[in-house]
Amino acid sequence: MSLYADTQPTPPAPTVLVDATLADGRRVDVFLGDGRITAIEDHRAGPRDSRAEHDGAVRLDGALLLPALVDGHAHLDKTLLGAPWQPHRATATLREQIANERALRKETGIPVSARAAALAERMVTLGTGHVRSHVDIDPDVRLDGLHELLSVREQFRDRLGIQLVAFPQSGVVTAPGVADLLDAALAEGADLIGGLDPAGFDGDVDGQLDIVFGLAERHGAGIDIHLHDGGETGTFQLRAVAERTAALGLEGAVTVSHAYALGDVDMAELDCTAAALAAAGVAIMTNGPRHSMPPVLRLRDHGVRVFAGSDNIRDSWWPYGTADMLERATIIGLQGGLMTDDELRYAASLATDQAAAALGLSDYGLAPGNRADLVVIAAGGVPEAVAAHPQRLLVLHGGRIVGPAPHPAFPADGAPDLRGER
C-alpha cells in the first residue's frame, strides 16, 4: 500500500533540495541522483540563483534538513495499532506480563502483519528511515511472528529499512526448544539474535550467553540483549557481555537494550562497568524509562555508544507511544537532564548518527555518496526540533518521496513546494 492515494500520482524524485538548513546551521542546496546525495553546495540567495527553477527542485526556505531518523528498538509484532483500543491490563511481574501478552495476542483478531504495517506507515510519515524491531520467538508463537515481519519488511523495502532481532521473550535456557528456534530464525532471515535477563529470567547467565553468543558466531549475526535486571546483578551481566564481546572480536556488533542497572548503582560501579562496555565496543539502547535510565552523558564521556529507540508502542506492555523519534529524544532529554543546546544536539544524535552507527548503517548521513534517506523538519535548528518535535514537511527514502501523507503542497504534476508550510 502506498502512502499516496491512488488518485494522486507519487511525486517524482527531487533532483535538488534548495535552501536547506543543516544541523551545523549552514544554508545549503543538496543535489540528489540515483537515490543518493551527489553534492552539497552553499546556498546562493538572490535573484541570480536559478536552482529553484530546475526540474525536480524543491524549495525548503531554510527548513531543517536531517538524515532520516533511526528507531533503534521497537516491537512491530506487538503493537495494537490498527486494532480497537485495548485497555491496559496491570500485572505485577515480568512473567505475568508475558502471560498476559500471550492471551491478548490470541484475542486481537488482527494479523501481526496488518498491525505492524500500520505502525511502519506511521514511522515513515514521521521521518523514520530505519528501524530495528525485535520479534518474539518462543514455544507458543514459534517463527510465525518472524514470517509475518519478513513479509512487512519486503512490503516496506522502498520506504523503510527494517532490521529484525530474534527475541526470546519467554527465555532461552528455561524455555524448551527456544535455542533451536533461534537458530532457525537466523537461518530464515532474522538479522540479529536477542536475549532476555540471563540472571533474572533464565537464572543462568553463562547458559544463556553461551547460546546467544554461540549462535551469533555461527551465523555471523549481531546481538541485542534485553537487560532489565537492576543493581549489581545487572552490572555484573553487562561486564559479562563485554567480556564475551571482546573475546569474540564483536566490537560494534553487540547492544544491550535498557540496561536499567546503569541508572541505579553508585558511581564507582557505574564507571567500572562503563569502562568495560567502552573497551569492548558494546552499545547501550535507552527509550528514556521513568526510572533507572542509564546516565547518557556520563556514558558518552566514557566513550560508550548510546542510542535511542521507541520500545513498545501502543501494545499490551503500555498504552503509550507515537513512533516519533524526535519526541523520544525529548523524553530522553527530560529524563537525563539535557538542557543546553549542545545537549539537545546530543539527544538528537541518539535518534540519528549514534543509532545509525549502532545499526551498522554505513552509508548514512548528509554527505555526498550516502543514501538520500532524509527528513525535512519545520524548525530552524536541531535544538528546536528536539524541544518541540515539530511537523515533518518531507521524507525521502533512497531519494524518493515517501511522506508525509498527501498534502495540497504536493502538486499532482511536479515535486512539492514547501513555501509557506513553516
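Two strands are taken to pair if DSSP finds at least two bridges between them, and strands (E, at least two residues) and helices (H or I, at least four) are DSSP runs numbered from the N terminus. In β7, Leu69 has Thr128 as its bridge partner. The structure is a predicted model, in which local features need pLDDT of at least 70 and side-chain atom pairs count only at pLDDT 80 or more, while totals for chains, interfaces and linings use all residues. Residues are numbered from 1 along each chain as its sequence is written, and side-chain values use heavy atoms, with hydrogens and water left out.

**Strands around β7**

- Strand β6 (residues 69-74) runs parallel to β7 and is joined to it by 4 bridges.
- Strand β7 (residues 128-136) also runs parallel to strand β8 (residues 161-167), with 7 bridges between them, and the partner of His130 in β8 is Gly161.
- Of the 9 residues of β7, 9 are buried, where buried means under 20% relative accessible area, exposed over 50%, and partly exposed in between (1.4 Å probe, protein chains only).

**Nonpolar cores**

- A nonpolar core is a set of buried Ala, Val, Leu, Ile, Met, Phe, Trp, Tyr and Cys residues joined through side-chain atoms within 4.5 Å; the largest has 90 residues, of which Met123, Leu146 and Ile223 touch the most other members.
- Helix α2 (residues 112-125) gives the most to this core, contributing 7 residues.
- Met123 is in contact (heavy atoms within 4.5 Å) with Asp71, Ala74, Leu76, Thr128, Val131, Leu160, Ile313 and Ala323, once its neighbours within four places in sequence are left aside.
- A second, separate core has 19 residues, including Ala20, Val30, Leu393 and Leu394.

**Largest pocket**

- On a 1 Å grid over the protein atoms alone, a pocket is an open set of points where a 1.4 Å probe fits, with protein on both sides within 12 Å along at least five of seven lines, and lining residues have an atom within 4 Å of a point.
- The largest pocket holds about 930 Å³ of space, a volume being the space filled by probe spheres set on the points, which are joined across faces, edges and corners.
- Its lining has 35 residues, and the closest to the centre of the pocket are Tyr260, Arg290, His291, Trp317 and Trp318.
- The elements that give two or more residues to this lining are α1 (94-107) and α9 (325-336), and α9 provides the largest share, 4 residues.
- By class, the lining has 11 nonpolar, 17 polar and 7 charged residues, with Ala, Val, Leu, Ile, Met, Phe, Trp, Tyr, Cys and Pro counted as nonpolar, Asp, Glu, Lys and Arg as charged, and the others, Gly among them, as polar.

**Ile98 in helix α1**

- Ile98 is found in helix α1 and is buried, with a relative accessible area of 5%.
- Ile98 touches Gln169, Ser170, Phe201 and Trp317, not counting residues up to four places away in sequence; Ile98 and Gln169 are 71 residues apart in sequence, yet 7.5 Å apart in space, C-alpha to C-alpha.

**Backbone geometry**

- Asp61, in the loop between β4 (57-59) and β5 (64-67), has a positive phi near 50° although Asp61 is a residue other than glycine, and at 28% relative accessibility Asp61 counts as partly exposed.
- Ala323, in the loop between β13 (306-308) and α9, has a positive phi of about 75° without being a glycine, and at 2% relative accessibility Ala323 counts as buried.
- Gly403 and Pro404 are joined by a cis peptide bond, with omega about 0°, and Pro404 lies in the segment after β16 (400-403).
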